[in-house]
Amino acid sequence: MPDPVREVATQDRPFDTVLIANRGEIALRVVRTCREMGIRSVVVHSTADRDSAAVLAADESVQIGPAAPKRSYLFAPAIIEAALQTGAQAVHPGYGFLSEDPDFAEICARNDLVFVGPRPEVVSRLGDKALARSLMSDAGLPVLPGTIEPVRSAGEVVEEANRIGLPLIIKAAAGGGGRGMAVVREWAELLPTYRTTRAAARAVFGDERVYLERFWEKARHVEVQIIADEHGNVVHLGERDCSVQRRHQKLVEESPAPGLSRDLARRLAEHAVRGARAAGYTGAGTFEFLVDGDEAAFIEVNCRIQVEHPVTEAVTGIDLVREQLRVAAGMPLSFAQDDVELRGVAVECRVNAEDPARDFAPCPGELSEFVPPGGQFVRVDTGAYPGWRVPPDYDSLLAKVIAWAPDRPQALARMDRALQEFRIRGRGVHTTKELLREVLVHPSFQRAEHTTSFLDEEQSASTEAAVHDRAS
């Protein structure tokens, strides 16, 4: 009987060996696609992750440093050395860590390693949020009123703020992942917030430049998934709504965006494709927009696979990591725009090891029980298992639960059933699970009337749910 993996490998294997420079669920996610494509996978890991699910699943693993990210997952020399020693031809960075670092992409190229992502110069241009805003404005995308260039002095901040009006948001040019931004609602807050945001940007990103944008209080966060190859093909895969956030970190995502007119969805997709062409983009990427009524404004581009990519995979049936690997090897996309058909509704909930009752404080600890849900059309991406210890050194994401159904009411009901089934216990470990269930049944969310301020407005209800979770 023919070996199905070998059959795939001879037809569609862009690399022999790929090194995965990440951890947790995304590392395991990439390992799985590599195996399906007949690609040997190598996972790097810190001492804290020596027993991780990704390490256990990979064909090979290499310990590259201690738990501290700066000495392991952010330490490029150790990662490059691991790739060269294990014979990898490509490096998949996942999300976070070095995934949007143009210097790391350049170092990979200098060592004859393919960086699975856009070219370094593209990552550099789009990673600079102020430069990206200018580039997209020139390409005809709508942008919020604000400063095209970073502001350089307190006097300039006051002058520009008077022109833009309040409320406004101060953003780090090098920021990302929901960090490096602060909202100003009162004039007395303007200069103190400017100074603290600039200091934080310098400390976190090593770049103190900040710029100003008008802040839409009641906006929705809608993003468009695109993927492009080196042969001039740029394809969009529909949009996602990511409006349920706390501290600019997403908690619930769904595709397609509910309550969005198909005309506006089409326009957002056209903006994203035009922006990708203008930037010379290749690989998987996400164009993010704020939406208020029938108006939309570009906010930034994420040059990597997104945490929420499974909802797009669920409605399109397309393996985005597989396409990433093909494109990185110079192969054309395996589908055209006309081949993309969006079916049904998919919802993703991020279950974090955090305590909403204590302002979402991280809750590291050993999991005595961890039983993910199952059933029809439910997917769980996680690196956790019983006996695994949630480390205090990294992001608190425990699992992503994705539910698909023919329509939104069925998808939300299926997600609620899945969250009910999900059993997670551990001494000192609290989760956002019950908070997510409260969100799913909230009338505003059910009617798709929620905005990015939804959780702030419902904080008291969320706290009550979290306390109930802790007591159960």
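Helices here are DSSP runs of at least four residues, numbered from the N terminus. The model is predicted.

Helix H12 covers residues 320-328. Eight of its nine residues are buried, so the helix is largely enclosed by the rest of the structure. Among the buried ones are Leu320, Val321, Glu323 and Arg326. At the start of H12, a side-chain oxygen of aspartate 319 comes within 3.0 Å of the backbone nitrogen of valine 321. Glycine 330 follows H12, and its phi is positive, near 90 degrees.

Threonine 33 sits in helix H2, residues 24-36. Is threonine 33 buried or exposed? Its relative accessibility is 2%, so it counts as buried, the cut-off being under 20%. Its side chain makes a polar contact of 2.6 Å with the side chain of arginine 29. Threonine 33 also touches Asp319, Val321, Arg322 and Leu325.

**Aromatic rings**

The count of aromatic pairs is seven.

| Pair | Centre to centre | Angle between planes |
|---|---|---|
| Tyrosine 73 and tyrosine 394 | 5.7 Å | 80 degrees |
| Phenylalanine 104 and phenylalanine 115 | 6.1 Å | 80 degrees |

Tyrosine 73 and tyrosine 394 link distant parts of the chain, 321 residues apart. Tyrosine 73 is buried at 1% relative accessibility, and tyrosine 394 is buried at 12%. Ring pairs join Tyr73, Phe97 and Tyr394 into a cluster.

Phenylalanine 104 lies in helix H5 and phenylalanine 115 in strand S5, so their pair ties together parts eleven residues apart in sequence.

**Charges over rings**

The charged end of arginine 246 sits over the ring of phenylalanine 360, 5.1 Å from its centre. Arginine 408 has its charged end over the ring of phenylalanine 445, 4.8 Å from the centre.

Definitions and conventions. Residues numbered from 1 in each chain as written. Predicted model: local features only at pLDDT ≥ 70, side-chain atom pairs only at ≥ 80, totals over all residues. Heavy atoms only, no water. Helix = DSSP H or I, 4+ residues; strand = E, 2+ residues; numbered from the N terminus. Buried < 20%, exposed > 50% of the residue type's maximum accessible area, 1.4 Å probe, protein only. Polar contact = N/O pair within 3.5 Å; in protein donor to acceptor, adjacent residues only side chain to side chain. Contact = heavy atoms within 4.5 Å. Phe/Tyr/Trp six-rings, centres within 6.5 Å; stacked < 30°, edge-to-face > 60°. Lys NZ or Arg CZ within 6 Å of the ring centre and 35° of its normal. Lists of a residue's contacts leave out its neighbours within four places in sequence.
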